[in-house]
Every structure is written in structure tokens, then in C-alpha cells.
Amino acid sequence: MKRRVEESARGRSGAPAARAPRPAPADEVRAQLELRPGQSLALLSELHILTRDGRINQDSRRKLKQVLHLVQFIEALIEELPGGPQPVRLADHGAGKSYLGFMLHDLVFRAAGQGEVYGIETRADLVERARALAERLGFERMHFMHLSAADAADAPGLPERFDVVTALHACDTATDDAIAFALRKQARAIALVPCCQAEVAASLRQHKALALARTPLAELWRHPLHTRELGSQVTNVLRCLYLEAMGYQVTVTELVGWEHSLKNELILARWTGQRKRAAADRLTAILAQFGLEDLRPVRFPALQ
């Protein structure tokens, strides 16, 4: 009898039968990932951050760390907002699979019993998946719009005003479109983690020969690698100056450690209503110095 049991366990091939992995205990998972009390493990599983047995791989760990860090920054911005009769409205541009939006709803808005999240995404399949997931989880104050950031400001069906606007790794000019949306919607707080800035680098590349003849500073972007890196740096500097010129107090910091992501710059902006003329003047001067005047009407139309 014992022999037959052993043979059955080995299966037809003679190899030991594979055992299904034991699900990790919930308390162990929470401790391992440093999750908050009450944070939904079901949500993490639905987002495929956790496997079926409640474990996590290194790539998912990095992604979760980035999103949770950004949630903490945004939560602090929300806590600074003045209270009012209307619920806090947040727009998440370039939402993708809406990891950030779902985490914000789960950790911030669900606990507060108020607040709405609007995920704005250009890929229709991701929008439909996010809608279905929100329905399954009962996240009733989440809305998903099949729109580009550029079109969202004038799109029907969106509120006239938003309190918070965020964009996590919205590629290239989508971050600029998120800024334009925030200005149009009179956002009181903005959180941006830019990604893949190429517009300024392309302009620098186009006028490189003229710039080299005009100023020795053009050596900063003579080589293609430097053009790309400097273009990225100048892009974010211009964005910060624009926000200051439009009445925001701006802070620039790291989202997480560089070992987790190379796209790690976090721009936080808080509305003060005090427009800085010096910031507008410096922005204009940088555009002239780098030969980027063509970008002014496109990216900085609100400058006087």
C-alpha cells in the first residue's frame, strides 16, 4: 500500500508530483511590503502586483514602492487643502493601468469617505479594464476617461475644477499637457514625475550648428548624449519656472532611490496665487539663450 501511494505521488513520469505553493499569510505579506493596516490585498492581486499565492517579485516590488511613495506625497498635499463642501477631485493623467489611482482611492479616499479619482488614459482597453476592476472592487468614486491629456481640459463630462492633478511617468509632452490641464482647472496642488522628455532635445539638436557658432554654452549639448540629458534637465527647469510664474510654490525632490527608477524627479506645486514675475523673466531668458523661443506659444501660452 505504501509503495502504491509513493508511485501515485510521483505521477506517470516517475518524478515527484508538483505541489501548489502555499499562500503567504496575510500578516506576513503586509509586514514584508510595509503595507498600511486595512490596505486591500485583493486590489494588489487584481493589479498583478501580488501573485495568486500572495507573493511579489522584484519588478513588482519596485513598482509598488514608487506608487506608494507618490501616494504619500499626494496625501500630504491633500491634507494641506482647505476644507469645503465639495469632495476632493483628483485627475490622474497618463493613468495606464491606474495603479496610482486605485492606490489613492484605497488608501486616502476610501478611508476619508469622500473624494473622487478621474483616470485619464488614451488606450481604450486599459480604460475598460480599469472600469471593470473598479466595479468589481466597489470603488464607486473612480471614473475613467478615454482621452489624451491634451484633449481633457475641454472635454465634456469632466468637472470644471480639480483640486489635485498628477501624472506619473506621462511620456514627453503629456506632462506639459497635464500642467496645462491643471492651470485650466485651477488645481490647488500638482504632483508630476516626468518621463522621456524629447521635445526640447529635438529643438536643441535642430539648431545646434547655429548655437555652436553663437555661444560656447552650446558645448553643453554638442554631443548627442549630452543633448538628450540636457534637454531633459532644461525641460523640467522650464516647467518649474512656468508653474512659479503662474502662482505656484514649487518643490523638486526625488520620488524614490535611483536604484528603483531612473525617471525619479518629482515636481510638487502648491497654489499660492502669487505670480512671480522674476520666474517668467528667467523662463523667457532661458528660451532665448538656448534658442527655444518657438516653444513659448506652444508650452507657455499663459505668460504675459
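This report walks through a predicted model of one protein chain, from its overall make-up to a few single residues.

## The big picture

Let's start with the whole chain. It has 304 residues, and 47% of them count as buried. Its secondary structure comes to 13 helices and 7 strands.

## A covered strand and its neighbours

Now zoom in on strand β2, which spans residues 116-121 and has 6 of its 6 residues buried. In a regular strand, side chains alternate between the two faces of the sheet. Here you can check each face in turn: E116, Y118 and I120 sit on one side, V117, G119 and E121 sit on the other, and all of them are buried.

Which strands pair with β2? One is β1 (residues 89-93), which runs parallel to β2 and is joined to it by 5 bridges. If you want a spot to look at, find R89, which stands opposite E116 of β2. Another partner is β3 (residues 142-146), also parallel to β2 and also paired over 5 bridges. On that side, E121 has H146 of β3 as its bridge partner.

The chain gets from strand to strand by way of helices. From β2 it passes through α6 to reach β3, in a right-handed β-α-β crossover. There is a right-handed β-α-β unit on the β1 side as well, made of β1, helix α5 (residues 99-112) and β2.

The structure holds 15 salt bridges. A handy one to begin with links the side chains of E128 and R131, at 2.7 Å from N to O. The two residues are 3 apart in helix α6 (residues 124-137), so about one helical turn separates them. Both ends are partly exposed: E128 has 46% relative accessibility, and R131 has 36%.

R228 and E229 also meet in a salt bridge, with 3.1 Å from N to O. Again the two ends are partly exposed, with 44% for E229 and 48% for R228.

E199 and R299 make a salt bridge of another kind, with their closest N and O atoms 2.9 Å apart. E199 belongs to helix α9 and R299 to helix α13 (residues 296-299), so this pair ties together parts that are 100 residues apart in sequence. R299 counts as buried because its value is 18%, and the cut-off for buried is under 20%.

Most residues other than glycine have a negative phi. Which residues go the other way here? One of them is H169, a non-glycine residue with a positive phi near 60 degrees. H169 lies in strand β4 (residues 164-171) and is partly exposed, at 25% relative accessibility.

C196 is another case: it is not a glycine, yet its phi is positive, at about 55 degrees. You'll find C196 in the loop between β5 (189-195) and α9 (199-206). With a relative accessible area of 36%, C196 is partly exposed.

Methods
Residues numbered from 1 in each chain as written. Predicted model: local features only at pLDDT ≥ 70, side-chain atom pairs only at ≥ 80, totals over all residues. Heavy atoms only, no water. Helix = DSSP H or I, 4+ residues; strand = E, 2+ residues; numbered from the N terminus. Buried < 20%, exposed > 50% of the residue type's maximum accessible area, 1.4 Å probe, protein only. Salt bridge = Lys/Arg side-chain N within 4 Å of Asp/Glu carboxyl O. Pairing = 2+ DSSP bridges. Right-handed = clockwise from strand over helix to strand, strands pointing away.
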